[in-house]
Amino acid sequence: MQKHKDMSYFTEITPTAPISLKQHGNRAKCLQRLIRLELPVPKTVAISFDAVQDIASGQIPDTARLIAPFGKSPLLSVRPSSQDPDWGGPNTILNIGMNRAMHQRMVCSQGQAAANAIYTRFIEAYAVQIARLDPDMFEVNDTSTATLEAMLAAYEAETDEAFPEDPAQQLTEVLRSMARAWGGTSARLLRQAKGAPIDAGLGLVVQEMVLGVGTDASESGAGVIQFVSSETGQPQITGRYLTQSQGREALRPDRKAIYLTCDRRGPSLEELCPGPFADLQKHGKICRQRLREEMQIEFTIDNDTLHILDAVRIQRSSRAAIRIAVSLAEDGVISRDEAVMRIEPRALNELLHPQVDPRGARDVIVRGIGASPGAAQGRIVFSAMAAQASAARGEPCVLVRRETSPEDIRGMHAASAVLTERGGMTSHAAVIARGLGLPCVVGASNMRLDFKRKLLISDKGREFGEGDFITIDGTAGEALAGAVKMLEPALDDTFQALLDWADQARDIGIRANADTPADAQMARAFKAEGIGLCRTEHMFFEDDRLTVMREMIFADSPEDRRAALDRLLPMQRADFVRLFDIMAGKPVCIRLFDPPLHEFLPSSRDGLRELAEALSLPLSTVTRRVEALSEFNPMLGLRGVRLGITVPEIYDMQARAIFEATIKASKKGAPVVPEIMIPLVSARREVDLVKTRVDAVAAAVRTEMDTDFDYRLGVMVETPRAALRAHEIAMHSAFLSFGTNDLTQMTYGLSRDDAGRFMSDYVNQGVYAEDPFHTLDIEGVGELLTIGAERGRQADPDIVLSVCGEHGGNPESIAFCRDAGFDYVSCSPFRVPLARLAAAQLAIAERGTTKKNAIAMR
């Protein structure tokens with residue numbers, strides 16, 4: 001190995017030392033802050049990222065120079081200091097410098113037991129973590145002199161050399177081992193999984209040891225303390241303290257730590273050392289105020305004297321993170337904007353839904369894609385009908401299907417959760433489940449379903465039958481055996497306060513996709529600014545409507561179709577009145593009928609027979625008509641605006657229902673201005689034809705009811721051609737709403753329902769950076785959005801632009817929409833809070849960048 005030539009590779013941490021987060025890491029910088037606050041921190045030296053990298057490559061540090069600031073014969077510890085503490089690092093090594101001579105001195109000053117304990121701990125740590133010897137050979141069962149000598153002998157037997165006595169040699173080997181451990185494959189992959197860049201550096205801090213082990217004449221020990229709960233964020237002193245211990249030994253479950261505060265169940269630190277305990281409370285308050293964070297303090301008491309070894313940001317659940325951020329802002333420690341910036345938007349999922357308690361046991365039976373967050377429990381059912389029957393009995397159930405179709409929607413409404421063998425993030429099951437707020441796992445291809453025997457069979461052969469209890473964890477993408485411990489949602493005042501502050505900061509609108517009154521109620525509860533997408537076809541799957549819908553499909557003439565649709569009209573009108581009433585004057589964008597008609601028809605023989613009986617038709621006639629309506633590729637066939645043009649009676653009925661509901665709802669309160677959206681448009685002429693009929697219906701309703709009203713007609717841009725010809729389509733549209741689900745399918749030529757079968761392979765092999773149905777493809781689909789937006793605005797500068805696909809709730813998609821000048825995004829109701837927070841963070845970050853640039857130009 002080469003001698004290190006640069007003698008400035010280490011820096012003693014003082015209040016004015018040039019310690020940098022990017023050069024020395026988070027721990028080193030935090031220790032400097034503690035020293036500036038005049039907390040009792042032992043002497044500490046920081047080793048920079050570059051120096052650690054040099055040590056890993058073979059250069060030997062000048063350890064004699066490094067040891068010099070600590071005086072003669074010191075005991076030292078070495079701890080990792082990465083830029084982000086969540087990235088981890090090698091284990092801390094304590095008591096470096098311990099040898100036979102030091103041991104003898106300690107026997108005289110601290111006693112035989114304390115000296116033996118310190119020496120055996122160091123031998124164990126050095127042998128296992130530095131020399132990489134078998135841990136079983138150095139397991140400490142007692143701290144007798146015989147055990148100490150046996151450990152030294154074992155080390156020599158395994159390495160053919162005596163345990164190192166020279167403190168400089170010990171320190172050199174510790175630094176080299178920790179530096180090289182950081183570059184190991186496992187460590188690198190682990191920190192990259194936590195978001196670390198591939199070239200993330202490691203710093204090290206060398207600190208003077210405070211023993212924590214002493215005589216019975218005074219108190220010595222070590223522990224950790226924090227002043228809020230990691231689970232809830234509520235004020236609460238928690239932690240552990242262990243007499244006659246070092247480092248974080250008190251946290252080991254096999255150690256009999258004492259309580260921190262006075263407790264009737266046993267002795268406490270508060271009673272044992274009232275002075276140091278009071279100092280800890282004072283230091284905690286100082287850290288909160290000056291470091292602007294809730295910290296966990298690692299401390300050692302040595303002969304009744306308190307020393308602060310480290311302080312780290314406390315680990316916290318999402319609900320605790322929000323309470324902590326809001327509390328700091330309300331106390332004036334941080335600004336409201338900073339509180340908003342501190343919360344990861346996706347973490348809100350843990351608060352909006354019940355969650356599996358992470359502290360409980362998990363018996364995983366199936367893994368798939370977590371398509372809709374949250375957790376729920378229930379008995380397995382294999383059909384929508386069984387789910388409805390279970391709900392009627394008041395029993396929670398989990399609907400298990402190969403994949404869902406529109407026929408399953410009633411079953412999904414009745415179920416507590418959904419599990420499917422096939423599908424991806426934007427499959428039918430995933431989209432509907434997110435809209436309903438149902439936990440959902442899709443693409444669970446490692447399970448087999450035997451519908452004949454009504455069995456779910458895991459990849460390990462475990463069988464679960466109908467009626468067996470399971471838990472669906474839609475956040476983790478897992479199905480668990482049995483009922484597990486759960487955590488309830490946490491939509492408390494702090495949650496509402498944070499989102500109110502976010503609303504004050506954001507500069508793009510957030511609406512919700514809502515198909516039912518229940519969805520609309522949820523949208524209002526989450527303070528959506530309106531409904532950006534109401535899919536009217538979902539209203540037709542209720543039992544009392546499905547039969548009428550099927551009669552309309554089987555009608556032989558326009559008159560017969562109108563007769564059937566006239567029966568649906570009051571139902572549709574009532575639906576829209578309820579939506580308008582709930583939204584109370586906020587905008588409601590209603591998409592006209594979109595799916596192909598075959599989705600409303602049964603596919604099984606039993607279903608066909610039931611339909612024949614309901615329509616009083618021969619089974620053969622029903623079967624022929626269903627076959628005639630089938631298409632090779634129905635999602636690219638007779639649906640959307642094509643259906644509205646070829647079967648115009650459907651859109652006529654829906655337009656009338658919307659306008660009559662508008663008049664009725666407007667009489668109760670604020671005037672309603674409905675937004676009517678034409679789906680799957682690809683040509684201007686399609687808009688012209690539909691607009692002509694909708695305008696005619698509006699005129700007829702105004703005349704019949706002798707009441708005027710306004711409405712806005714727009715287009716759902718879902719085809720690449722619609723985006724490319726947006727300048728033409730915009731001429732007759734008040735708004736363009738980009739449906740990114742279908743637009744992604746058509747741009748890629750890829751079915752969202754089947755993509756889950758191979759998408760992980762594509763992402764892993766770098767074909768796609770991410771699943772384009774989960775994360776908006778900025779380069780491809782994004783370019784179509786940009787083209788459509790620019791050309792639409794060229795034709796009409798005032799046209800309203802929005803995104804209403806599943807991407808609308810993703811922070812990355814919201815960032816793109818802001819940059820592209822979109823007016824709002826619309827997403828599932830349960831994603832509205834996430835979108836509100838993400839939009840606010842983007843606006844705050846942009847303001848911060850603008851301010852920095854302005855200052856730089858002065």
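**Reading a sheet and a helix pair**

Analyst: Strand β10 (residues 295–302) pairs with β11 in the antiparallel sense over eight bridges. Strands (E, at least two residues) and helices (H or I, at least four) are DSSP runs, numbered from the N terminus, and two strands pair if DSSP finds at least two bridges between them. The model is predicted: local features need pLDDT of at least 70 and side-chain atom pairs pLDDT 80 or more, while totals for chains, interfaces and linings use all residues. Residues are numbered from 1 along each chain as its sequence is written, and side-chain values use heavy atoms, leaving out hydrogens and water.

User: Which residue stands opposite Thr 305 in β11?

Analyst: Asp 302 does.

User: What is the order of the strands in the open sheet?

Analyst: In general, strands of a sheet pair through backbone hydrogen bonds, either parallel or antiparallel. Here four strands run in the order β9-β8-β10-β11, with antiparallel pairing. The edge strands, β9 (235–243) and β11 (305–313), each pair on one side only.

User: How do α5 and α6 pack?

Analyst: Two packed helices are described by the angle between their axes and the distance between the axes. Helix α5 (residues 100–110) packs with α6 (residues 112–130) at about 145°, their axes 7 Å apart. Axes are lines fitted to C-alpha atoms, for helices over the stretch in contact, with angles from 0 to 180 degrees between N-to-C directions. Contact means heavy atoms within 4.5 Å; among the residues that meet are His 103 and Met 106 in α5 and Ile 118 and Tyr 119 in α6.
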